[in-house]
Structure formats: structure tokens, C-alpha cells
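Visitor: I am new to this structure and would like a close look at a part of it. Please start with the sulfur atoms and then lead me on from there.

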Amino acid sequence: MSIPNTYNATAVEEKWYDYWMKNNYFHSTPNDKTPYTIVIPPPNVTGVLHMGHMLNNTIQDVLIRRARLRGYNACWVPGTDHASIATEAKVVAKLKAEGINKEDLTRDEFLKHAWEWTDKHGGIILDQLKKLGASCDWERTKFTMDADLSEAVTKVFVDLYKKGDIYRGYRMVNWDPEAKTTLSDEEVIFEEKQGNFYHINYKIEGTEEVVTIATTRPETLLGDTAICINPNDERYAHLKGKKAIVPIANRVISIIEDEYVDIDFGTGCLKITPAHDQNDKVLGEKHGLEVIDILNDDATLNENGLHYNGKDRFVVRKEITKELEEIGALVKVEQHMHKVGTSERTKAVIEPKISAQWFLRMEEIVKPALDAVLKDEEIKLYPKRYNNTYRHWLENIRDWNISRQLWWGHQIPAFFYGEGVEEFVVATSIEEALPLAKEKSGNNALTVADLKQDEDALDTWFSSWLWPISVFNGINEPENEEINYYYPTNDLVTGPDIIFFWVARMVFAGYEFRQEKPFSNVYFTGIVRDKQRRKMSKSLGNSPDPIELMQQYGADGVRVGLLLSAAAGNDLMFDEDLCAQGRNFSNKIWNSFKLIKGWVVSETEAQPEASKIAIEWYKAKFQKTLAEIDANFEVYRLSDSLMSIYKLVWDDFSSWFLEMVKPAFGYPMDAVTFKEIIGLLEDNLKILHPFMPHLTEEVWQLIADRTPEDALIIAEYPKATSYNQEIIANFEMASEVISGIRTIRKDKNISFKETIDLSVLNNDHISKDFDAVIVKMCNIAELSYVDAAVDGSLSFRVKSNEYFVPMAGAIDVEAEIAKLNEELKYTEGFLKSVQKKLSNERFVSNAPEQVIAAERKKEADSLSKIETIKASLSSLV
């Protein structure tokens, strides 16, 4: 079989991915094997592949391919999330560009556009994952708005409502004025921003006196319904029972007392605006205050905003400040750093807003999830430091606002039969709702036409929290074969930024709906950053295009580059040079394979001793590395596993082993050794396959003619066995000897074709097993063991053994003596300077420990070098 001179990653990757797909290796069905299951964190249907996806899905593919090789029934379920806010925003923007406003459409008309957009763009990111080599079971691809997944969402909502866990109520919520919807607490990002403190005078009714209020939001004074003072604040004791006048609005409001007010903060007086501040709302309810909402859904002021009606809140902030100044009510403006809540999705500044919304009670639902991670450890988080993050959120959780004022998403299954707040029923369909509405209202004349479904959609995460269950139809058919076989899943690979949004909520759902964990392990990847530690993003222009990277370095090269930079759970400092290193690794493997296949094999040639010991050593080294790989996989240190394989293949196999076994120029390779080499190469390919699937499959298939049943993707992973640790240690010493001899050849310009003798003054009495390898790799004519130093030789030490290479006739002895004397003089001078430092008590007591250690090492190395030089000199004199 012809082997191309160079490795063509693009052609190879396309060829083998098509082959894997054609032979259906990725597909899984329940059988008698042990399942290994991963569900993909479903990317937004709006998305395209970015570096975070690349890292996350490379890790998942490594895990799933390794499980497949190890004999598990490996199932990786792919899919996408409908992403309510993000998708609706994109569709609205597209329609606006076409001159269509969402407000001019019916819900059904808008949804038609949304589905068209989803059908066109929804599969892009999944197709891009195929270029990465992702071995997902594509036949199982799910979308959070598929009919069966939507049915599950509705069923869960109804069941939770019937149990009293879901309720509807007027609450202060986070309002995104750009998306025009509520957000959960987790979707609000608090950012430290420069703002102002506006000090404003409110007149006291019937007097010339004023009271000064400090606020960061002067525009909200039009919604003020009280001023609050601390009853213990003597400064304002004379204001008790009086009333104040709101500037501009000229509305009379009460002065109330509450210990909530911090005497030492600001002026010690608070303006109370119950419609626009969570704390003010609590005080308003406590003191029975009026609620005046001054904002429209788009954060412009409404009719309660008087002459500012229709103007944006930030425009009004500037204009009302000017008006307050003109009427003499503005005392001063001070700069002030404070935290501002912004929408995670739209970046708009959040407005607190009182609104009728749907909530899920969290107090009871979190308890099993807390125990599962922190007490019973049924679920393990990697790295473990995220346990504290998880604990903090669950112990301080508030009820989940699950309704969104959007059309794209799962419409809330609540049906109103009247205008009253409580005049609704919850049911899986309008037909099921009708008899419930008749019963609740006592009106048997109601028809389906009298019922109106709630316009709101459910929070996106209310569907994705069911993902590990719903992809196997475990909500609709709780005892079906697939959910019972594949659930709970094994590993979840995701980012720590969605530990609250998704990870914890899936744990809630698992125990609530199946009384069982959804997965056993959660591995949190780090954030992909550039070399300046900045998070990669389109806006910064520091994020490479993943598709272009794969075209340049090959998918396998990029996979290696990503994982070599990804220390377990830590942020990844992405460096494109590591992708080049991955590509170079591909070329190294390819060239090693070409070397092997280029050897002529003879059935009659005897196996050399050097080959026998080399094979024994490499098998031991392979098993040692295999144990390291497996141990690192246990704690999700995939980068360390890859590095172990990288060193094994590049250093031990390609640089040492193949040199040890290759036949002399012009001679054939013996068949016994060649067969062993091929077996070891195949084992290398098996452990490397999860990381570099395309290259390894190509080499595997070129080694021999294979049937689809013999493909590498479904081969058997190497079995761990005991191994000879002594032979590994002996080789380490032998390799130092070989390096020492090669250094002498290089320094003295002795051609490798020229044989040399080697004498060993053996004090360690080490194994002589590798003598044949030393003789071969150093072109030794005669290797002998001696009892005394050999005159006229250059020497070097390895441990307590001394090695002598006779120099008679090979070098100019006088010149060599002069060179060694010069080197000795320099080294003794260097040693003297080091020892001077170490004898300085001030230096030793003040310098950092690592600096002292480095100096002591310099001293030890210098002493050893001096001893070696002196030994060489004495042998030449």
C-alpha cells in the first residue's frame, strides 16, 4: 500500500469522518454492554463555533471515544437550545431590516418567521462540530422545542403547579427594557460603574424647611410615595408625622419611620419609590404605600412621568437634573462608584419592575441537590473548588422567575377565563383547560373561545433543566427502555459560568422528576483567554476563527493545541503556536510510521539482543504511561494524560525505541521484531485515538487491510498489566550513557561511522541488559568492564559509574589538555563565586528559599563537573 510522503490533514479528516458516519459507529442503542453517556451542553440555535465550544466539545469527544475503545456502549447526545431571548432578538432585528415591526405581527406570524430563521441557521454549529471530529450520535440530535421535548416542558409545568410549587404573583423582577422581558437573578450581571449621587431638597409641607435626599436615580422621584427616616436619628426627630412635597411633581407624601434606614449612609433620609426598587417595595408593603410606576416596558417614561412622558430614562435623568437645578432643588452632584445590574444577553441596564409573573418555589427543591454534591457526593464537581460556589448559591437561592415576555419559546400552559388575577387554570391543552375553567368559575356556559392562553413564554432554562431526562423521553414515558438504560448519564462537561443557570437546575430536576442524579461527574472547563489573559471575544478581535485554525493546522492539531494549554479546570491561555505543535506532532507520527513501513522484513534474520531488550523496555514504559493516563483521566486531567502520551510517542517511541530497533543500513529487519513493533505502534494509536482520531485511524488503516469491524474507532483499548520498573530505571541510566558518548563524539568531531571502544569502571554493579543497545547506538567496537581508570581516555560519570573512551590517535592530546585546563579554570572560578555567595550570612538569611536552592545546585553541579574534568585530565597526562 502506497504511503504519501506528507500528511494531508484536510483530506484525511474528511475521508475518515465520512467513513465513520457511513458505518454508523457513533450510533448507540441499548444492549448488554455498560452504557457511557454524555449529553451535550446544547449550544444556542443562533450560535456558530467559537473557541469555548472547541475546547468543551474536544474534551467530550476525548471522553466518548475513550469509552468506546474501552468497551462501553458510548452514547453522546447532541442538540441545540432555542435560546428565547437571543433568537427572538435576532429575528426581530432581521424583520426590522426588512421594514417589519414585531408589534405589527400576530404571535403565529412572528413564530413562522422565527421557525424559518431557525431552520436556516439552527444546524450550522452542529455541522461545524463534525469538522472537529465530534463523534456524536447524530441520529439522536435534539432541539429544545422538538414536539416531545415541548410536551415534557408542559407536563412538568402542570405537575409542579398542581403540587403548589409553581405560583403566579406580583413581584419585583429584573426587567430588560431592550428585550422587553423579565430575567432571572442569574441573568443579571452586576458591574462596578461610575455614577453620581444627586442631593435633592424636598420641601416640608406648610414650612420653609427642606429635607435633603441623596439618590443615584433622580428621574424616579416622579414615582416617590414617601420619605423614610430612622426613628433613632435625632437629626430628623422633628419631622415625625409631617409630610414632604416631591419636587416637580408637587405631590404631597408622608414621612415614615423605619430602622431599615442606615443613619450613616448618604443623608440618612431615603426617598421611597416602591415601583422601582426592591427594598423600597418591601418598605412600601410594610407601610401600605401607594405604588406609582413611571416607566414603560422600553424604559421610556409613561404618563406618570408628567412632561417627560415618552422620553428615555437616561435622557430624563439629564433633563430632570437641569430642571431641579433651575427650581433650586438640586443641592449638589457627587461622583459615586456603584454596582449596576445589566442584562447578560442584551447588556441593557436592568430596571426593577413590579409585574405579574410565574415563579417556581425553590426552598424544598434544592435540598436533595445540596446533599447530592456536598454530603453524599453522589455528584462530584471537578475542580472541587466549585463546591463552595454551588453551596453559596443554593443556600441563598430565591424563587425562580420562570416567565418571560417573549413569543419564541414554550408558551405558558395557563388559560384565562376572565380579567381577574386568579381567573385562570393550568392544563396541558386548551381542551383540557375548559372543564377546569368551568368548575373553577362555576360558569358552565364557557367555551374554548372564551379561554385565552397566557402570552408569556417560559425561561429557556426551564426546558434545558430537563435535558438529560427529556432527550431520552423520560418525562413523557418515565419507564421507557432508553431512559432506564442511559440515565443517569456519566459525565457533564461545561463552563462554570452556567453552574447556576443549568448545572444546578439539572440536579434539581433529576431528583424532582426521577429521584435520581442526572450525572455522576461535572467537569468545569476554564475560560479560553489570549496570551494577555483577556477573554476571547469577537468584540476584542482576539478570537481566531476555529474553522480557519482547523484548515491551517488540521482538526487533530488544533485539538492537541487546545488540550495542551488546558490545565484541569483552569483558564486556558490559548497560543496558536500550540496548534502548530499539534500539527508537528502529527508529522512526527507520520514520519515514524513511514520509517517503519520502509523497512525490509526477513523471516530468516535472527533477532538482535538490542531489539529484545528494547521491546521489553518499551512494553514496560508503555504500561507505566498507561497507568499515568488512567490516573489522570480519573480526575479529569486530560491535558496531563495527553502530555504523557505525547512524551511517550515523541521521545520514547520515535526518538529512542525506533533507533534501538532499526536495522543497520542495507540490512533487513527480522520478522519477530517487526511484528512486535507493529503491535506497539497499534497500542500507541489506541491510546492516542481519543485525542487525534483522524490521524490515528489513517495510520491504523495503512498498517494493514482492515474490515469495518476492525476499524480503530471500535478497537479494544490496551489492558493495564504489571510492568518491570527495574528495566525502566536501567534504561534511564543507559540513555545517559548513550548521551554522554554522543557528546564526546560531537565535541571531538568523531564521526559516527568510526567505531570507538568503551570501558566501564562499574561501582554501582548495575544491570548489563542494555549493553547491546549501547554498543549498537554508539557504534562501539568493544565494551569492557575495568577495575581502574583507563589512561589516555576521556571520561564521564553516570551515578557512581565512570565511562572511558580511549582517545589515542583520535584527537590532538596536547590541545585537548589545554582545552580541559581552560574549562577547569573557568569552572573553579564560577564555583568560587557561588561559594562566596553561600558563605555570606546576610545573603543566606534574606534570599528566598528557591534562590538559595538554585545556588546550592550550581555548587553541586560545578563540583561534579570539576571532578569529571580532573579525571579526564589525569587520564590524558
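Guide: A disulfide here is a pair of cysteine sulfur atoms within 2.5 Å, and in general it is a covalent bond between the sulfur atoms of two cysteines. C228 counts as buried, at 0% relative accessibility; buried means under 20% relative accessible area, exposed means over 50%, and partly exposed lies in between, using a 1.4 Å probe and protein chains only.

Before we walk on, please keep in mind that this is a predicted model, where local features need pLDDT of at least 70, side-chain atom pairs count only at pLDDT 80 or more, and totals for chains, interfaces and linings use all residues. Residues are numbered from 1 along each chain as its sequence is written, and side-chain values use heavy atoms, with hydrogens and water left out.

The structure holds zero disulfides. C136 is in no disulfide, and its nearest cysteine sulfur, in C75, sits 9.7 Å away. With a relative accessible area of 0%, C136 is buried.

Next, let us follow a helix. Helices (H or I, at least four residues) and strands (E, at least two) are DSSP runs, numbered from the N terminus. Helix 2 covers residues 51–69, 19 residues in total, and reaches 27 Å from its first C-alpha to its last, close to the 27 Å expected at 1.5 Å a residue. That expected span is 1.5 Å times one less than the number of residues. Because 18 of its 19 residues are buried, helix 2 is largely enclosed by the rest of the structure. After helix 2 comes G71, with a positive phi near 95 degrees.

P546 lies in helix 16, residues 546–553, and is buried at 4% relative accessibility. Leaving out residues up to four places away in sequence, P546 touches L49, H50, M51 and M54; contact means heavy atoms within 4.5 Å. The C-alpha atoms of P546 and Q128 are separated by 9.0 Å, although the two residues are 418 apart along the chain.

A152 has its place in helix 6, residues 147–162, and is buried with a relative accessible area of 1%.

Now for some backbone details. Most residues other than glycine have a negative phi, and most peptide bonds are trans. Y382 and P383 are joined by a cis peptide bond with omega of about -5 degrees, and P383 is found in the loop between strand 15 (380–382) and helix 10 (386–395). Y487 and P488 are joined by a cis peptide bond with omega of about 0 degrees; P488 is in the loop between helix 14 (481–486) and strand 22 (489–494).

K347 is not a glycine, yet has a positive phi of about 70 degrees. K347 belongs to the loop between strand 13 (330–343) and strand 14 (351–360), and is exposed, with a relative accessible area of 57%. Y636, not a glycine either, has a positive phi of about 60 degrees. Y636 sits in the loop between helix 19 (609–634) and helix 20 and is buried, with a relative accessible area of 6%.

Helix 20 brings us to our last stop. Helix 18 (residues 576–597) and helix 20 (residues 638–661) pack at an angle of about 35 degrees, their axes 11 Å apart. Axes are lines fitted to C-alpha atoms, for helices over the stretch in contact, and angles run from 0 to 180 degrees between N-to-C directions. By class, the contact has nine nonpolar, five polar and one charged residues. Here Ala, Val, Leu, Ile, Met, Phe, Trp, Tyr, Cys and Pro count as nonpolar, Asp, Glu, Lys and Arg as charged, and the others, Gly among them, as polar.
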